[in-house]
Amino acid sequence: RIDAAVYDMLARGPAPAADGRIVVVDIDQKSLAELGRWPWSRRTHAQLIDRLDQAQVKGVAFNVLLSEPALFDPAGDALLARALARNGRVVLPVLAEPVQMNGASVELMPIPEFAASAAALGHAEMMVDDDGVARSVFLRAGLGSPHWPALPLSLPRLEARARDTADLPGRRLVAGGEPPSPYQWVRDHQVLIPYPDPPNAFRHVSYTDVLNQRIPASMLRGHWVVVGMNAVGMGPEVKVPGHAASSTISGADYQAAMLNMLVKDASITPMPEGWLVLLSMLIVALPLVLCGVRGLHRIWRPVALMMVVAGVLSVMLLRFAHLWFTPVPAVIVLALGALLWLYRLLRRTQRQAQSDS
C-alpha cells in the first residue's frame, strides 16, 4: 500500500496528453432514453458499425460483450456479422468468468458469426488493485496461456506488436517450466497505465448522436474509436491513480487510456523484482561503504543522502525511462538503520555520562 501511495503521488508527472485522434462513443443516459432499455437489438449495433465505416474511422474497439445469440432476432445477428465484415476494422472483446465461486474459469467469446467477421479479438480485462484503483494492465492474457492481446492492442495497425511478443513492453510473468493449468487465466506483459489529466479527457460523443448522424463525419474520419458503456449503473467504474477517490472512469475510458498509451508508446514498466532487490541492496549498502567500519558514528549523513537519492532515482527513472522503481523498501531499511544507530548512540552517551574513566 505504501508503494501504491508513492506511485500515485508520482504518476501524474509523466502522463501523456490525451491523443486528439481517440474518440469514445458512449452508451450513455441520452442513448438509453432515445433507443430504449438495454440490451438493444443487434440491428442497432450493425447500423452504428456502418456509420463508422462511412466515416472511414481508423479502427473500432467495440467494448460490448456479444457472447450469446439473440434468441428472438437471429436476423439481427446476421446483419451485425455482415456489418463487421464490411467494416473490417472492428475488434471485439473476450472476458474470463468463473463457472462457480473459486472454481475454474471459462472464456466468454463472441458467438462464432461475430468472431469470424471481426478484424480481431482481444481481452478486455480491467485490472483493479485491492484499493479499487486501476493502475496496470496485462498486454497479453488468456485461459491456459496468454494468447489474447489486450483489446486496443488488437486494433489494425497495432496488431503487428500484438503478434511480436518480443517487441511488447512490460514485466514478464510467464516463465519457462511447468505450464499453467488450462483452466487458469494467465497474464503476461504487465505495464502501468499513464492516464491523461484529467483521465476522461478524450473526446466523448453519444452513441445515439453517431447513429443518427448528428456528428459530422470529419470528427470521426481517421480516428480511433472506442465504444463502451458510460451510463450510470451500467458497466464497471474504477478509480484512477493520482486523483481523488470520488473520481472514477468507465471501462471505455480505461480502454481509451490504454490505446493512448500504445499510440504514444508511453507505457510504464514495473522494474523486475530481481533488479529491484539488487538496486535496493546497493542503495542500502552504500552508506556503510562510504563511512567504513570506523566511521559509523558519522553514518547519519550518508543515510540521509541515500534516502534522497532513492527518491530522486525513482522520479528520474519514471520520467525519462518509463520504468517504475519503488524507493519504499530501500528507504524503510535506511530509516530503520538510522533509528538503530540513533538508539545505540543514545545508549553509548548514557553510559559515558554515568561513568568516570
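Tutor: Helix α8 is mostly covered, with 12 of its 13 residues buried. Helices are DSSP runs of H or I with at least four residues, strands are runs of E with at least two, and both are numbered from the N terminus. Buried means under 20% relative accessible area, exposed means over 50%, and partly exposed lies in between, using a 1.4 Å probe and protein chains only.

The model is predicted, so local features need pLDDT of at least 70 and side-chain atom pairs count only at pLDDT 80 or more, while totals for chains, interfaces and linings use all residues. Residues are numbered from 1 along each chain as its sequence is written, and side-chain values use heavy atoms, with hydrogens and water left out.

The buried residues of α8 are G251, A252, D253, Y254, Q255, A256, A257, M258, L259, N260, M261 and L262. L262 of this helix counts as buried because its relative accessibility is 7%. Its C-alpha atom and that of P236, 26 residues apart along the chain, are separated by 22 Å.

The length of α8 can be checked. The expected span of a helix is 1.5 Å times one less than its number of residues. For the 13 residues of α8 (residues 251-263) this gives 18 Å, and the end C-alpha atoms are 18 Å apart, so the two agree.

After α8 comes D265, with a positive phi near 50°. D265 is a residue other than glycine, and it sits in the loop between α8 and β13 (269-270). D265 counts as exposed because its relative accessibility is 54%. Most residues other than glycine have a negative phi, and most peptide bonds are trans. H189 also has a positive phi, near 60°, but H189 is placed in strand β8. H189 is at 1% relative accessibility, so it counts as buried.

Two peptide bonds are cis. One runs from W38 to P39, with omega near 0°, and P39 is in the loop between α2 (29-35) and α3 (42-54). Another joins D197 and P198, with omega about 0°; P198 lies in the loop between β8 (185-192) and β9 (203-206).

Patches are made of residues with over 30% relative accessible area and no salt bridge; like charges are joined within 9 Å, and nonpolar side chains (Val, Leu, Ile, Met, Phe, Trp, Tyr) within 5 Å. Accessible areas come from the Shrake-Rupley method with a 1.4 Å probe, and for residues only the protein chains shown count as cover. A salt bridge is a side-chain nitrogen of Lys or Arg within 4 Å of a carboxyl oxygen of Asp or Glu.

I2, I332, L336, L339, L342 and L346 make a nonpolar surface patch of about 580 Å². Its largest share, 5 residues, comes from α11. L336 belongs to that helix and is exposed, because its relative accessible area is 53%.

A positive surface patch is formed by R344, R347, R348 and R351. Lys and Arg count as positive and Asp and Glu as negative, with His and the chain ends not counted; the place of a charge is NZ of Lys, CZ of Arg, CG of Asp or CD of Glu. R348 lies in α11 (residues 328-353) and is partly exposed, because its relative accessible area is 33%.
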